[in-house]
Amino acid sequence: MKTTFFLIAVLLLFNTVVAAQTSSEILVLSATVKDKVIPNAEVIFQKNGAISMVEYTNASGIVTIPQKYRDDPEMIVIIKKDGYSPLITKCPCGGLTYAISPTLQNLDGMRIVLNWGSTPRDIDSHLSYAGGYVCYHNKEASQADLDVDDTDSYGPETITISRKEQGKKYVYAVHNYSDRTSINNSNLSYSSGAKVFVYIGNTLIKTYSIPRGKKGNIWIPFLVDEMGNIVNVGDFKNATTWQGVKTILRNYRFNGDNSIVSNSDKTESTIVNRKGEQEYHAGNLESAVSLYQNAIELNHRNGQAYSNLGLAFQKLNKEAEALWANRKAIDLAYGNSAHIIRASSYYNIARIYEKKGQWADALRNFKLARENRQHDAYDKGIQRMSEKLR
């Protein structure tokens, strides 16, 4: 059935969507409504040491890349539109399509957006977790949906988790459907240019670019562990059917992130984090968030940067983002002060849930805070939530 649809899609859409932009243009679509173009989106072209240039998408959702930025691997593109999360990506971007995500409302929601190039024409998003499985064959599951399925290049393919359940692991994968019968081919890695954007709340939290030189028609860029932490994976597997992908993801066991962070990146991450703290104390919260995120990009094990990021998000009333950052700070806490970091992070999480009226979630996190450290504030929180739940 998918093959038939694919052939129809090629005939009907090849001269519209695929040919909608040239190699000097970018097409901006909605991540959640198939083929919905986004007009009048602000597109900022940036490069270190150069003045930024701002353009806007036309009525067809297309923007022309300024001449001096075309095919420049050092260029960064930022796409903004009211009601959508800003998208930030590295280029070259000419001839590509990018999909922007409407703001998520649920504290524990997550949106995963896949974009790629002209080939392979059809690659699919898959999400596996206890009690649910989402892909083109099964678009709706418990508190998760495939919003958009694309079969004619570029994407997006979008999965939205309306509410991530604590205690469950979520494994996300990209499957090269076009080359599904070719085992250990490198088409997905070499030619797709696939990027996966992960959104929480109003923020693009993580971006994964497919590594080149890998063999396999399945790419597993990340998973979300039982505590809600996003864990980098970067694994490649093979399957000839969607059921085969499902079996792999259902039984997937990750041995941990063995990626190496260089000493120079660790040092630079510490320096950037301190700059973020300076901006935070000066009241420049957006700048602080950007610097903390840069520190994390340099060293994804920088627990202090995650803790600081959580505080900054909380000050900006970005509760969903703050939950994620605090959970990651808990996961990375180590050393003599680990119990203090965990306790304060659980407390921050509890206060967010309390503010939203989610009493049971708040109570659970107040208790976890107290398990790590005794404090009157934790006891008072437990008492307040216990009274609310009577």
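**Helix packing and a buried glutamate**

Mentor: This is a predicted model. Start with α7 and α8: their axes cross at roughly 160° and come within 9 Å.

Trainee: What does that make α7 and α8 to each other, roughly parallel or roughly antiparallel?

Mentor: Roughly antiparallel, because an angle over 145 degrees counts as such. The crossing of the pair α7 and α8 is left-handed.

Trainee: Which residues of α7 and α8 make the contact?

Mentor: From α7, Glu319, Ala322, Leu323, Asn326, Arg327, Ala329 and Ile330. From α8, the residues include Ile341, Arg342, Ser345, Tyr346, Ile349 and Ile352. Sorted by type, the contact of α7 with α8 has nine nonpolar, three polar and four charged residues.

Trainee: And α6 against α7, at what angle do the axes cross?

Mentor: Roughly 160°, with the axes of α6 (residues 303-315) and α7 (residues 319-332) coming within 8 Å. The two are therefore roughly antiparallel. α6 passes α7 in a left-handed crossing.

Trainee: What does α6 bring to that contact with α7?

Mentor: Gly303, Tyr306, Ser307, Leu309, Gly310, Phe313 and Gln314. The residues of the α6 and α7 contact divide into eight nonpolar, five polar and two charged.

Trainee: Next pair. How far apart are the axes of α8 and α10?

Mentor: 11 Å, for α8 (residues 338-355) and α10 (residues 376-388), which pack at an angle of about 30°. That makes α8 roughly parallel to α10, since the limit is under 35 degrees. Their crossing is left-handed.

Trainee: Which residues meet there, between α8 and α10?

Mentor: Ala343, Ser344, Tyr347, Arg351 and Glu354 in α8 meet Ala377, Tyr378, Arg384 and Met385 in α10. By type, the contact of α8 with α10 has five nonpolar, one polar and three charged residues.

Trainee: Change of topic. Where does Glu157 lie?

Mentor: In strand β13, residues 157-161.

Trainee: Is Glu157 buried or exposed?

Mentor: Buried, because its relative accessible area is 0% and the cut-off is under 20%.

Trainee: What lies 3.2 Å from a polar atom of the Glu157 side chain?

Mentor: The backbone nitrogen of Ser125.

Trainee: Which residues is Glu157 in contact with, leaving aside neighbours within four places in sequence?

Mentor: Ser125 is one of them, next to Ile123 and Asp124 in the list. The others include Ile112, Val113, Leu114 and Trp116, and also Leu146, Val148, Asp149 and Asp150.

Methods. Residues are numbered from 1 along each chain as its sequence is written. This is a predicted model: local features need pLDDT of at least 70, side-chain atom pairs count only at pLDDT 80 or more; totals for chains, interfaces and linings use all residues. Side-chain values use heavy atoms; hydrogens and water are left out. Axes are lines fitted to C-alpha atoms, for helices over the stretch in contact, and angles run from 0 to 180 degrees between N-to-C directions. Helices (H or I, at least four residues) and strands (E, at least two) are DSSP runs, numbered from the N terminus. Angles under 35 degrees count as roughly parallel, over 145 as roughly antiparallel, 65 to 115 as roughly perpendicular and the rest as oblique. A crossing is left-handed if the near helix is turned anticlockwise from the far one by less than a right angle, and right-handed if clockwise. Contact means heavy atoms within 4.5 Å. Ala, Val, Leu, Ile, Met, Phe, Trp, Tyr, Cys and Pro count as nonpolar, Asp, Glu, Lys and Arg as charged, and the others, Gly among them, as polar. Buried means under 20% relative accessible area, exposed over 50%, partly exposed in between (1.4 Å probe, protein chains only). A polar contact is a pair of N or O atoms within 3.5 Å; within protein, one must be able to donate a hydrogen and the other to accept it, and residues adjacent in sequence count only if both atoms are side-chain atoms.
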